[in-house]
Amino acid sequence: MRISDIQRCEVRPGRLVEWTFSKATVAAAAALPPDPRPPAYIQESHIRTARSVREDGLFVPTWLGMAFDLPGRADLDALEQALRDWTLRHETLRSGFRWTGDDMHRFTLDDNDVSLHREVIGDFADPEALVRYMQDRFDVAADALGWPNLIYTAVVRDDSTSVYMAFDHTNVDAYSLQRIPDEVHELYLAGVTGRPVTGTPAGSYVDFCEQERANADGIDDTHTIVARWREFIGRCDGRLPTFPVDLGLQPGGELPAQKLMCEPLVDADTAAAFEEYCRPYGGSLVGILAATSLIVHELGGQPVYRTVVPFHTRVKSAWSDSVGWYVGGAPIEVPAARDFDGALATVRAELRANRSLARIPLARVLRLLGADFRPTSPDMYSIVSYVDARPTPGSAHWTEKKAYGLIRVSYGDQVCAWVNRLHEGLWFACRYPDTDVAYKNVRRYVEGLRHLIDSVPADDRLRVAELAFS
């Protein structure tokens with residue numbers, strides 16, 4: 001999945017139509033009793049962070065979204081039915097939270113109470129005006145502190161229809177977004193052709209939240225995982241790790257605006273050669289982290305690269321097709337290595353030793369540590385993420401369908417980078433503070449990453465090519 005913002009996802013003119021939950025659905029939600037299933041720790045942390053930042057006087061949109069095309073002028077009735085059916089398939093989309101004092105309580109609608117309201121917004125001849133309208137609309141409709149916190153739209157033309165969907169992060173992660181184009185397209189074709197929809201029901205993220213929270217609440221501050229996080233944070237001077245290069249920020253300054261950098265990194269052959277070279281150490285994830293450790297050491301001079309590596313928590317097959325925020329984090333520490341192979345070996349050892357720490361939500365660990373981690377930024381720490389998106393159903397057609405995973409770039413003082421393996425090669429995207437220094441250093445990081453990946457020995461690249469044709 002190519003990660004982008006809405007400004008760079010090939011928005012074209014057309015008639016804009018939007019769907020939101022109907023007034024009847026919102027009224028039904030307001031009358032619901034509490035759902036005893038609690039929020040996931042990551043959901044609660046996200047919403048509390050949004051509230052904290054808002055109380056500091058700054059509105060920081062953090063929605064995620066998906067963009068993709070359907071062929072021809074869409075049948076809006078069939079598309080509406082497909083969107084409703086898809087929404088009902090994933091329970092978290094009809095679930096939300098209310099505050100009682102300082103406590104969050106869930107509510108969840110029944111299927112029969114969910115209906116969509118369609119509205120034709122109008123014709124847009126100027127793509128820039130359309131982009132501005134959609135971003136402003138999504139900021140309000142997919143707000144972390146509001147409910148409903150999702151919106152579906154379509155830009156209808158004679159030759160194609162572009163679908164844009166936005167969600168508060170509490171509902172979705174990258175894996176969730178990747179599955180949307182194929183699932184909605186299948187439901188839409190079923191509605192147009194009258195053929196039945198096949199497939200098994202998706203597991204409920206709301207059920208997962210209950211199970212994960214019960215497991216997390218079963219540990220205390222004497223647990224090994226908590227002790228290891230305590231030691232790691234102690235070595236980070238009592239904080240969670242930042243990207244260890246100069247970002248041109250003043251200590252204690254206001255939360256800066258951010259920019260997005262997104263572009264192809266290397267082609268498919270180079271990505272395959274890099275994977276083959278890194279496979280004895282665990283594959284491309286290890287390779288990207290090892291390369292990062294070498295590059296940031298050169299840029300920033302820190303003797304140890306410390307970061308939190310995101311891992312999905314879909315440990316049971318029941319969650320594999322489920323929409324939700326299934327992400328945990330594991331800390332790693334990579335001392336400066338003499339060469340790439342040395343860095344690979346260290347990262348492999350760190351991931352093997354620490355990946356299990358991602359089983360317990362970091363928000364639970366921080367609560368047990370008793371430290372004051374009142375968030376002042378929407379990102380608690382910097383990340384470098386790697387995902388191989390090729391196994392996702394429909395991924396071979398993403399370029400043809402103009403499919404993009406959308407992130408809202410607004411404010412933040414961290415660097416968050418994503419490297420995705422696509423059929424076309426590796427795609428890079430990064431949010432970073434909008435300063436000249438940060439831009440220069442992130443640009444140097446990207447070029448360093450590209451150069452190192454492209455520097456896989458020629459004999460390894462030839463071996464990959466030989467394997468492909470054997």
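## Arg431 and its surroundings

The side chains of Arg431 and Asp379 form a polar contact at 2.9 Å. The model in which this contact occurs is a predicted one. Arg431 belongs to strand S15, and its relative accessibility of 12% falls under the 20% limit, so the residue counts as buried.

Beyond neighbours within four places in sequence, the residues in contact with Arg431 include Gln258, Lys259 and Leu260. The contact list also includes Asp379, the partner in the polar contact, together with Ile407, Arg408 and Val409. Gln414, Val415, Cys416 and Trp418 are likewise in contact with Arg431.

## The four-stranded sheet

Strand S15 is part of an open sheet of four strands, ordered S9-S15-S14-S12, with mixed pairing. The edges are formed by strand S9 (258–267) and strand S12 (383–388), each of which pairs on one side only. From one strand to the next, the twist averages 15 degrees.

S9 and S15 (residues 425–433) are antiparallel and share nine bridges. Within this pairing, Lys259 has Tyr432 of S15 as its bridge partner. Helix H8 (residues 268–278) lies across S9, S12, S14 (416–422) and S15, and runs at about 85 degrees to S9.

## The seven-stranded sheet

A further open sheet consists of seven strands in the order S1-S13-S3-S8-S7-S2-S6, again with mixed pairing. Strand S1 (2–4) and strand S6 (116–124) are the edge strands, each pairing on one side only. The twist in this sheet averages 25 degrees from one strand to the next.

Strand S3 (residues 64–71) and strand S13 (residues 404–407) run antiparallel and are joined by four bridges. In this pair, Ala67 stands opposite Tyr404 of S13. Helix H4 (residues 127–141) lies across S2, S6, S7 and S8, at about 160 degrees to S7.

## Strand S7

All seven of the seven residues of strand S7 (residues 150–156) are buried, so the strand is largely enclosed by the rest of the structure. Leu150, Tyr152, Ala154 and Val156 point one way from S7, while Ile151, Thr153 and Val155 point the other way; residues of both groups are buried.

S7 pairs in the antiparallel sense with strand S2 (residues 14–21) over five bridges, and with strand S8 (residues 160–167), also in the antiparallel sense, over seven bridges. Tyr152 takes part in both pairings: it is the bridge partner of Trp19 and stands opposite Met165 in S8. A hairpin of three connecting residues joins S7 to S8.

## Salt bridges

The count of salt bridges is 35. One of them joins Glu91 and Arg37, whose closest N and O atoms are 2.9 Å apart. Glu91 is in the loop between helix H3 (76–89) and strand S4 (95–100), and Arg37 is in the loop between helix H1 (23–30) and helix H2 (41–55), so this pair ties together parts that are 54 residues apart in sequence. Glu91 counts as buried at 14% relative accessibility, and Arg37 counts as buried at 14% as well.

A salt bridge also links Arg51 to Asp102, with 2.7 Å between the closest N and O atoms. Because Arg51 lies in helix H2 and Asp102 in the loop between S4 and strand S5 (103–108), the pair ties together parts 51 residues apart in sequence. Arg51 is partly exposed at 22%, as is Asp102 at 43%. Both residues belong to a network of salt bridges that links Glu44, Arg48, Arg51, Asp102, Arg213 and Arg367. Asp77 and Arg118 form another salt bridge, at 2.6 Å from N to O. Asp77 lies in helix H3 and Arg118 in strand S6, so parts that are 41 residues apart in sequence are tied together. Asp77 is exposed, with a relative accessible area of 54%, whereas Arg118 is partly exposed at 29%.

## Cysteines

The count of disulfides is zero. Cys9 is in no disulfide, and the nearest cysteine sulfur, that of Cys262, is 9.8 Å away. Cys9 counts as buried at 2% relative accessibility. Cys236 is also in no disulfide, the nearest cysteine sulfur being that of Cys416 at 15 Å. The relative accessible area of Cys236 is 10%, so this residue is buried.

Key:
Residues numbered from 1 in each chain as written. Predicted model: local features only at pLDDT ≥ 70, side-chain atom pairs only at ≥ 80, totals over all residues. Heavy atoms only, no water. Pairing = 2+ DSSP bridges. Helix = DSSP H or I, 4+ residues; strand = E, 2+ residues; numbered from the N terminus. Axes fitted to C-alpha atoms, helices over the stretch in contact; angles between N-to-C directions. Contact = heavy atoms within 4.5 Å. Buried < 20%, exposed > 50% of the residue type's maximum accessible area, 1.4 Å probe, protein only. Polar contact = N/O pair within 3.5 Å; in protein donor to acceptor, adjacent residues only side chain to side chain. Disulfide = S-S within 2.5 Å. Salt bridge = Lys/Arg side-chain N within 4 Å of Asp/Glu carboxyl O.
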